[in-house]
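Colleague: Could you take a close look at one part of this protein with me? I would like to go through its salt bridges.

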Amino acid sequence: MPVPWFLLSLALGRSPVVLSLERLVGPQDATHCSPGLSCRLWDSDILCLPGDIVPAPGPVLAPTHLQTELVLRCQKETDCDLCLRVAVHLAVHGHWEEPEDEEKFGGAADSGVEEPRNASLQAQVVLSFQAYPTARCVLLEVQVPAALVQFGQSVGSVVYDCFEAALGSEVRIWSYTQPRYEKELNHTQQLPDCRGLEVWNSIPSCWALPWLNVSADGDNVHLVLNVSEEQHFGLSLYWNQVQGPPKPRWHKNLTGPQIITLNHTDLVPCLCIQVWPLEPDSVRTNICPFREDPRAHQNLWQAARLQLLTLQSWLLDAPCSLPAEAALCWRAPGGDPCQPLVPPLSWENVTVDKVLEFPLLKGHPNLCVQQVNSSEKLQLQECLWADSLGPLKDDVLLLETRGPQDNRSLCALEPSGCTSLPSKASTRAARLGEYLLQDLQSGQCLQLWDDDLGALWACPMDKYIHKRWALVWLACLLFAAALSLILLLKKDHAKGWLRLLKQDVRSGAAARGRAALLLYSADDSGFERLVGALASALCQLPLRVAVDLWSRRELSAQGPVAWFHAQRRQTLQEGGVVVLLFSPGAVALCSEWLQDGVSGPGAHGPHDAFRASLSCVLPDFLQGRAPGSYVGACFDRLLHPDAVPALFRTVPVFTLPSQLPDFLGALQQPRAPRSGRLQERAEQVSRALQPALDSYFHPPGTPAPGRGVGPGAGPGAGDGT
């Protein structure tokens, strides 16, 4: 049964009314103007170069309003084309300068001022037309007699006949003067299709146009083309862009009646349809039927992605333009909502595919970008730095406000609000306020932002949590000692109590999570971001992940070999697992080691860290100690498991994300029961990993296969033109 959210039937566009149009005879463009004015159309088109706004040298003519009308330009009674007539209304703007300044402006070629306060005005008015795939600019010269020159008053209009455009297309019109004294006027006109014209039988291109109906049935949208079996026509789907050329999505040459099926998830507001008969000089008609559809707008936000380019720059990647604002927010662990940092920071307007700058000094995994639409509804939120800097940290954000005379105040951002420091409130930040202020003064807090009005600081809370847990563990040890004394006094029940205690220890270790050391080759920065995304996703599970990305300071201080050796030893002693993440660069380094037996002493480059880890890893494989303590993994579409050297295939090698459930099962404790939530956790990791995979395999600006529409969607689908 058809669903009610999308009931649409049209023929090559929206057809609200049937129009009866005036006919113009002859192929030549023309112009005429209001009584009292004189006007002339230049013989040829000009370049569309508005130029910068310059000061007016005195009274000037300026366009104030654009008015359009549809007409037919006919060679014969049954040979007409649709044409757009434009009327530009003009008014006198500006004022006369003082007599001593008249000499300065006397030579202005465009002002037409020969004798101040008693001269006619001249203007060169430009009309710019854009209708995919054509654009043109025409120049109109207008002269107003001195008798009609009244400051701030309308002097009439000049009419241009006319601009030919395709049926069903959208025409954008701009008008300005040369030189340009004011901001240009703009107007958008949606042209009707053949069905909306009373005189469709006078337009040859309407005789053979394929009729198109759009309807919905369940989750599918049907494009039904009702044409004869012998008729050949082209059909193209594209994303219409406000700025820049359209982005083609799918194209095919078809014959006879056709039903094209689209999934409703492929619909976005800027998805347009172009259809035309495969005949010489045929009219291409463009329609965009999903502009107002709420499901299409929902799909658009779901397809939008935020891309972090550098520490301070990012962009929004989306199929269509999004009227939205974005701001930074602070997200603390524990599931609390992300708190906007406005003020002290401000909301910024967002343009799709335009690089935006953050006023940050340092990045932090708890900093996120949240984006709202024009109705101030939260639509998108991403923590852009989490992939490269690790999971959320239990840090407190301090807001410093600076006032006059070097006065400043500090408050700690918490879910309940910003708590002033020092404070006698009962919140966590208030209780630790004295220690936070000491950390700030001693330079232990990370400054994220700074300007004349204030600053933002991230202060770590780990050491205070560790102190609290140390007291808890001390109490537990005292309790265990007392319990042991009681058990010694009751030997008959000792074994039972010890068995229970052992089970408690095991369950505590399982809750704490198994240790996992992630080793990889840094082939490029994109692959490093992909590894960071995988590590962050695994941290959401009961796993304690170690990766050199999050320990660069310790790695530099200890050296790669010492750091990896210490991490491997600690991981294996705790019963953890070492994950070897293979890539083309990692396979090349492993093969080099297996052939030469030693790395080059002078090697310096992005693979040095992984090269150092091989000296710790290879002995375990060569001596048969790897099974049970090592697993391998590689990403789909990047490396086939057969490319991994045979020595390393003595342990399981999984492809991600296709084998995520088996991979997560291998990371569990050896004796841990097979969790029924394993599939759910695999889906959770896959969702967290997908944006990083899309960014790596399909950088911004290249179409992703997941966003294809139509049958055989994707690059190369259909017959291109």
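Is Arg402 buried, partly exposed or exposed?

Modeller: Happy to, and please keep in mind that this is a predicted model. Arg402 counts as partly exposed, because its relative accessibility is 29%, a value between the limits of 20% and 50%. The partner of Arg402 in a salt bridge is Glu400, and their closest N and O atoms lie 3.2 Å apart. Glu400, in turn, is buried, at a relative accessible area of 6%.

Now for the others. In total, the structure holds 17 salt bridges. One of them brings together the side chains of Arg73 and Glu164, at 3.3 Å from N to O. Arg73 belongs to strand S4 (residues 60-76) and Glu164 to strand S8 (residues 154-164), so this pair ties together parts that are 91 residues apart in sequence. Here Arg73 is buried, with 5% relative accessible area, whereas Glu164 is partly exposed at 37%. Both residues also belong to a network, in which salt bridges with shared partners join Asp29, Asp45, Arg73, Arg136 and Glu164.

Another salt bridge links Arg291 with Glu170, with 3.1 Å between the closest N and O atoms. Arg291 sits in the loop between strand S17 (285-287) and helix H3 (294-303), while Glu170 is in strand S9 (residues 170-177), so the pair ties together parts that are 121 residues apart in sequence. Arg291 is partly exposed, with a relative accessibility of 24%.

Note on methods: Residues numbered from 1 in each chain as written. Predicted model: local features only at pLDDT ≥ 70, side-chain atom pairs only at ≥ 80, totals over all residues. Heavy atoms only, no water. Salt bridge = Lys/Arg side-chain N within 4 Å of Asp/Glu carboxyl O. Helix = DSSP H or I, 4+ residues; strand = E, 2+ residues; numbered from the N terminus. Buried < 20%, exposed > 50% of the residue type's maximum accessible area, 1.4 Å probe, protein only.
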